[in-house]
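Please keep the structure open while reading the points below.

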Amino acid sequence: MSLSSAHQRSAKDQADSTEHTPPGDAPEEAVAESAPEGGTEAASSETAAAPGDGPDAEQAQEEPAEPAPAEPPPTDPDPGPGPAEPAPAAKNAVARWRERHPDITRALSWSLTVLAAVLVLFAFLMPDRLSQLTASRFVRVPAEPILLAALLLVLPPRPRRVVAVLSGVLLALLVLLNCVDMGFYQTLQRPFYLLFDWSLFADGLSFLKDSAGGTTAYGALAGALLAVLALLVLMPLAIVRLSKLMARHPSVARRSTLVAGVVWMTCATLGIQVSGLSVAAKVAGQRVRGQVTTVQQGLADRKVFAKEVADDRFAKVPSDRLLSGLRGKDVIFTFIESYGRGAVEDPAMAPGVDAVLHDGTRQLADAGFSARSGWLTSPVTGGGSWLAHTTFLSGLWVPDQQRYRYVSSSDRMTLTSAFKRTGDFRTVGMMPGVTRAWPESKFFGLDHVHDSRTMGYQGPRFGWSRVPDQYTLSAFERLEHGKASNQPMMSEIILTSSHTPWAPIPRTIGWDEVGDGSVYDAIQKEGKNREDVWKDAALVRQEYAKSIQYSLTNLIDFVTKYGDENTVLVFLGDHQPVSTVVGTDASRDVPIAIVAHDPKVLDQVSGWGWSDGLQPEHSAPVWRMDTFRDRFLTAFSSPQP
């Protein structure tokens, strides 16, 4: 007999034996073979769960999720032993917990519903500025959720769920936009522009890494991403939950929606207000319309700005007439980070800064220099230095990234490229804040740029600032200004030590001690900690003022030590500091001064009405920053024949 035939015969015998064995009298071998993997204990457990096998059988069984249809009672009162029926599927742990604690379950359910309603109401009434986040803003009746509720009530189940989810996602995006706007208003005093501000997030992360460290920066990024994800999930869930509640109680939902609509219409008609705010609110709708308008304006601005870039009355001025009044001079344009009007006039910060300006005016006079000063209005505040630099040098109003990208890729003549165009000046830049390739140097007409990688600095960073201002000026003297050359020079220097967070701040040392910057290791350790400074707004203002004093002191010392009869210095602030320092209502004015040894240079700007000395008077002329280029070129260029 073959092995296969033997196997089939054995299987047949086993089947016959099972068929003739009464239920409940199966041999132990058969029970063991039919037990699932895991041993006879599992089989015993399953047998114990069968109905009629013991007094605890009813407790071992679970009720089904939905009641099964009732079966007619058996006709035979004693049908005898039969095959065991399978136990109903066990409910999950949450369902069992709910059955055991109905009161707590009901309380939690209502709590979640209330939280969902609060979240949705907060989202519809949320402002876009941190200063407006007050209780009175939420004691109002928004129109948008009333309209949404009315729509959900008339929709069938499936479309209702779709609309609820989409509404939740859109509302979550609106909340995120409001949060971003809060940050922009807090630092830049303007909203976030959907069209062209996305690159600023990378700049913000870079700033956080530079000032607080990589761990803090990436931790903050991870937290922000988790918050975004949570909001995009929770907001749709909240609206779906509320829509289900309305579907379960349609009559109550209809009456409530009608009452809310009547209240809104009444408040809107009568003009009822709370703390100066209309009770009948349309916050979300206004925000959406505002963003749409901003996008439309941004698209239209491209054509307007293109015409402004092309309209340049100095583009065709012959090079021999351009800047003829400065031939043979070494002209230095210097931007001092965050040097704003508040540093000169705010009572909390001005005393120390004004003392440096007054003393600096005296030092310059002793060295044979004179100065004139005035005010310029920057296109930005709190940040965006490159936008201010471009505005000042291009003669165009550049308050945003869209305009910056357009003009920096054009052939517009800048104040610095005008010097290069004459053919009589070598043009250089000292850019300690630049950490990678900077193609815009071509647009600004710079023959050579020294950045943080090429200055030879071997010391530590001070907050965001990679290089102390005194080192930048010392490197400028060593690499460019101090070299013997028959060709005059035009230089653009950026001083960054007064950049937020103003902790730690370097201190002035002897110029012969600067070296390669290693000396700053000990100075940096002596400085204040960023976290300690930013716990107190008064301390922030104090440290900001000290940073401005440091920058001004070193710039003035540089001129008196290394300047000569051909030195012409133009220095200014790029923008006001953040609102923590100057408040939300501060102007965007920054000081500007011209310093020269040759009196003929200042004679050419005598008609400007500027103040004598480094500190502009409060009543000195205030010009928009984009007007300076044309005024400067007009003053120092030969008139057209």
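Asp301 has a relative accessible area of 18%, and because the limit for a buried residue is under 20%, Asp301 counts as buried in this predicted model. Asp301 forms a salt bridge with Arg403, with 2.8 Å between the closest N and O atoms. Asp301 belongs to helix α12 (residues 283–310) and Arg403 to helix α16 (residues 401–408), so the pair ties together parts that lie 102 residues apart in sequence. Arg403 is also buried, at 8% relative accessibility.

**Other salt bridges**

- The count of salt bridges in the model comes to 24.
- Arg426 and Glu480 meet through their side chains in a salt bridge, at 2.9 Å from N to O; this pair links distant parts of the chain, since Arg426 is in strand β7 (residues 426–431) and Glu480, 54 residues away, is in helix α19 (residues 469–481).
- Asp366 forms a salt bridge with Arg362, the closest N and O atoms being 3.3 Å apart, and both residues lie in helix α14 (residues 350–366), four residues apart, or about one turn of the helix.
- An α-helix has 3.6 residues a turn, so residues three or four places apart point the same way.
- Asp366 is exposed, with a relative accessible area of 61%, while Arg362 is partly exposed at 44%.

- Helix α10 has 35 residues and reaches 51 Å from its first C-alpha to its last, which is close to the 51 Å expected at 1.5 Å a residue.
- Leu237 is placed in this helix, which covers residues 214–248, and counts as exposed at 51% relative accessibility.
- Together with Leu229, Val233 and Leu234, Leu237 forms a nonpolar patch on the surface, and the four residues have about 380 Å² of accessible area together.
- The buried residues of α10 include Leu231, Met235, Pro236, Ala238 and Ile239.

**The protein as a whole**

- The protein has 25 helices and 13 strands, and 42% of its 641 residues count as buried.
- Among contacts between residues at least 6 apart in sequence, 74% join residues at least 24 apart.
- The accessible surface comes to about 33,300 Å², and carbon and sulfur atoms account for 57% of this area.

Key:
Residues numbered from 1 in each chain as written. Predicted model: local features only at pLDDT ≥ 70, side-chain atom pairs only at ≥ 80, totals over all residues. Heavy atoms only, no water. Patch = residues over 30% accessible without salt bridge, like charges linked within 9 Å, V, L, I, M, F, W, Y side chains within 5 Å. Areas by Shrake-Rupley, 256 points an atom, 1.4 Å probe, with all protein chains shown as cover. Helix = DSSP H or I, 4+ residues; strand = E, 2+ residues; numbered from the N terminus. Buried < 20%, exposed > 50% of the residue type's maximum accessible area, 1.4 Å probe, protein only. Expected span 1.5 Å × (residues − 1). Contact = heavy atoms within 4.5 Å.
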